[in-house]
Amino acid sequence: MKITDLKCAIIGGSPIVRITTDAGIDGLGQGEAYKPYLKPHVLFYKDLILGEDPTDVERVMLKIRRLGAFKPWGTAVSAIEVALWDIAGKAAGVPVYKLLGGKVRDRVRVYNGAVRFPMKGYSPKHYAEDMQKMKEAKEGFTIIKQGISFHSQTPYNIPDYFYGELQTGPRPQNRGLLTEKGMKHAIACVEAMKDVLGDEIGMALDCGPGWTLPDAIRFAKAVEPYNIMWLEDMITGDYTPYVLADLYRDVTMSTSTPIHTGEQIYLRQHFKDLFEKQAIRVAGPDPLDVGGIAELKWITEYADLHGVLMAPHGTGDGLIGLAALVQVSATLPRNYIAFEYPVAKPAWWYDIIEGLPDPIVKKGHIDVWDTPGLGVKFNVRAAKKYLDTSDKGFFE
Ligand SMILES: [Mg+2]
């Protein structure tokens, strides 16, 4: 089998990858919905993979993997990898999880990082109200992650939250030392949310990046009584193009609260220090940024050898990304906690993708399906009306 084309369309903001072959089998991949600008970057790899056998996934990846980077520049390579596995699974007549080593669980736990309600404010009371709504969500999540501090609008809504200068404009990134008032506010929000959840549902917090090292240590210690599942991305994360494992190690060694990072990181090599130095307790790579699902599997195995847990990122990964997350998560070792369940926006996505269970999430889990490849496909007739004119030939 040979690859005959690599196509990319922007559908509902998401870069969607479609690889075609001379055997009439195609494969789908997807990047986060926030990255419509990646289309030319996906197509950059086309000449490098044309004519290759897509079922030799690793041989194809060797041609393109070195030409990616940290988020968002690992997305294209990752989406191509996912599409190759989709083809390989369809060609073999088996679900992708079989090719990744086989499943070790029939249903995968997911956590809530995307089912959201509008926040009325950023006081502890508002956080408690919001948490109550998420607790009651129909998906029945057993773990809920909330954005606080620099990973929220808090610095803009709580006066004198930190000593730094408030950043404005597109993609602002605040960073600086918290005031005592700011620190007390962050801790009070945690207390208020835990009051709502009790010990029935686990709570994780997406915190930054933007924290200074002393604040990160002080906060992680202060919330120790609340048994937080993890504190995410305090030092680096999101679009930070580096890791700073030594700083993470300082935080981790100072506290019993599990420290988490990794969603922006590209490739296994950049997890080496985090694991070998015991710098974090939980890793959260996104398969659509880290280099793909086989890459995520490898990283999870290596994490397990070092006592590090795994909670893959996925909030913006869409429905093809969701399928990829389900397939790989079914195969991960038992250091797997849950992946971040993506909600597809706009809602018409649920009308144009077929193959997902209905409802998708039951009691905080997704049943692993057995259809070949990723097991999802476009309803082409329904999807065509959402194609931009420049993407007209995408399904041909
Ligand atoms: Mg995050």
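1. In this predicted model, P209 is found in the loop that runs between β6 (202–206) and α9 (213–222). The peptide bond joining G208 and P209 is cis, with omega of about 10°.

2. A cis peptide bond also joins K345 and P346, where omega is about -5°. The loop that holds P346 lies between β11 (339–341) and α15 (349–352). A reader checking the backbone may wish to view this bond together with the one described in point 1.

3. L244 has a positive phi of about 60°, although this residue is not a glycine. The residue is found in the loop between β7 (231–232) and α10 (245–254). Is L244 buried or exposed, or does it fall in between? L244 counts as partly exposed because it has 17 C-beta neighbours inside 10 Å, and a residue needs 20 or more to be called buried.

4. K363 likewise calls for attention in the backbone: its phi is positive, near 50°, in a residue other than glycine. K363 lies in the loop between β12 (353–354) and β13 (365–367). With 10 other C-beta atoms within 10 Å, K363 is exposed, since the limit for that class is 12 or fewer.

5. T252 belongs to helix α10. Because T252 has 24 C-beta neighbours inside 10 Å, this residue counts as buried. Which residues does T252 touch, leaving aside those up to four places away in sequence? The contacts of T252 are I259, Q278, A279, I280 and R281. As for P225, that residue and T252 are 27 residues apart in sequence, and their C-alpha atoms are 16 Å apart in space.

6. Turning to the sheet, three strands form an open arrangement in the order β1-β2-β3, with antiparallel pairing. Its edge strands are β1 (3–11) and β3 (26–30), each of which pairs on one side only. From one strand to the next, the twist averages 20°.

7. How many bridges link β2 and β3? Strand β2 (residues 14–21) pairs with β3 over five bridges, in the antiparallel sense. Within this part of the structure, I19 stands opposite G27, a residue of β3. In general, the strands of a sheet pair through backbone hydrogen bonds, and the pairing may be parallel or antiparallel.

8. Helix α4 (residues 75–92) lies across β2 and β3, and runs at about 150° to β3. Helix α14 (residues 318–329) packs on the sheet as well, where it touches β2 and β3. The direction of α14 makes about 100° with that of β3.

9. Helix α4 has 18 residues. From its first C-alpha to its last, α4 reaches 26 Å, which is close to the 26 Å expected at 1.5 Å a residue. Why may α4 be described as largely enclosed by the rest of the structure? The reason is that 16 of the 18 residues of α4 are buried. After α4 comes G93, whose phi is positive, near 75°.

Terms used. Residues are numbered from 1 along each chain as its sequence is written. This is a predicted model: local features need pLDDT of at least 70, side-chain atom pairs count only at pLDDT 80 or more; totals for chains, interfaces and linings use all residues. Two strands pair if DSSP finds at least two bridges between them. Helices (H or I, at least four residues) and strands (E, at least two) are DSSP runs, numbered from the N terminus. Axes are lines fitted to C-alpha atoms, for helices over the stretch in contact, and angles run from 0 to 180 degrees between N-to-C directions. Two residues are in contact if their C-beta atoms, placed from the backbone, lie within 7 Å. The expected span of a helix is 1.5 Å times one less than its number of residues.
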